[in-house]
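Dear colleague,

Please find below the structure I said I would pass on to you. A short account of the findings follows it.

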Amino acid sequence: MAASTSRRESTYVALAREVRNEILQGRYADGRRLPTEAELAERHRVSRQTVRRAFQDLVAEGMVYRIPGRGTFAMPKDGTYIRQFGSVDDLMGLSVDTRMDITVPLHREVDVDAAGRLRLSSDVVYALAFRRSHDATPFCLTTVFLPPAVGRTLAGISELAAEGSTSEVTIIGLLDTRLEAPIAEADQSITVALADEPTARQLGCAAGHPLLRIDRLYLDTDGRPVELAISHFLPEHYSYRTNLRRSVT
């Protein structure tokens with residue numbers, strides 16, 4: 001029973017992710033009705049119960065709303081960036097609807113704290129920083145630290161080599177195609193921080209403005225740290241949501 005439950009969960013989670021990406025890509029404009037449960041069930045060859053559970057997750061995220069007797073509709077945008085992050089694949093999906101602007105190009109430096117968190121034997125790391133925007137509105141400033149061996153795999157990528165370079169890629173997406181062992185998980189901590197002068201200039205807010213700080217340490221399938229990302233988010237332009245589920249045995 002546990003195995004079949006796990007399969008059902010993975011099916012509706014995958015379906016919810018696909019519909020979510022279609023909404024983010026603009027396939028369903030504000031106010032446009034989504035396909036019915038029956039239509040999605042037939043298209044994806046799943047049960048209507050699976051579609052219903054996927055819709056329930058999307059409603060909980062604020063991605064869609066349902067009107068009895070009329071259908072399911074994409075939620076109108078209000079300027080706040082809302083995403084559901086339940087897996088590393090969801091984080092890679094930031095490339096779907098956001099833009100990365102390099103503020104500090106990839107370079108080699110000494111950083112004792114970052115090297116320690118990456119469990120390195122020396123204090124040398126590779127680092128870069130970028131601002132991420134949605135619909136031309138900056139909502140996040142991120143600094144990334146990489147082990148030297150990992151950083152060298154990205155050294156020839158033009159999008160990371162110059163200040164002001166713009167792309168829709170994610171660092172973990174770039175790494176996932178270059179690492180010997182793929183990224184498997186991320187250890188995450190969420191705290192509150194105040195914007196310093198450089199961060200405030202990049203995000204267009206006042207110095208001292210409250211920010212949401214999210215640190216993520218990405219590990220490969222062998223348990224080795226491959227990236228430390230420290231991000232500061234504007235709370236008025238960003239909403240972080242996740243589902244917490246009980247284990248089913």
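Does C205 count as buried or exposed, and what is its relative accessibility? In this predicted model, C205 has a relative accessibility of 18% and therefore falls under the 20% limit for a buried residue. C140 is likewise classed as buried, because its relative accessibility is 3%. As to cysteine pairing, the structure contains 0 disulfides. A disulfide, in general, is a covalent bond that links the sulfur atoms of two cysteines.

Regarding the overall make-up, the protein has 249 residues, and 45% of them are buried. Its secondary structure consists of 8 helices and 11 strands. The accessible surface amounts to about 12900 Å², with carbon and sulfur atoms contributing 49% of that area. Of the contacts between residues at least 6 apart in sequence, 62% connect residues that are at least 24 apart.

Turning to the strands, 7 of them form an open sheet with antiparallel pairing, in the order β7-β4-β5-β6-β10-β9-β8. The edges of this sheet are β7 (166–167) and β8 (183–194), each of which pairs on one side only. Within the sheet, β4 (residues 99–110) and β5 (residues 124–134) run antiparallel and are joined by 9 bridges. If you wish to locate this pairing in the display, R108 has Y126 of β5 as its bridge partner.

With kind regards

Note on methods:
Residues numbered from 1 in each chain as written. Predicted model: local features only at pLDDT ≥ 70, side-chain atom pairs only at ≥ 80, totals over all residues. Heavy atoms only, no water. Pairing = 2+ DSSP bridges. Helix = DSSP H or I, 4+ residues; strand = E, 2+ residues; numbered from the N terminus. Disulfide = S-S within 2.5 Å. Buried < 20%, exposed > 50% of the residue type's maximum accessible area, 1.4 Å probe, protein only. Contact = heavy atoms within 4.5 Å. Areas by Shrake-Rupley, 256 points an atom, 1.4 Å probe, with all protein chains shown as cover.
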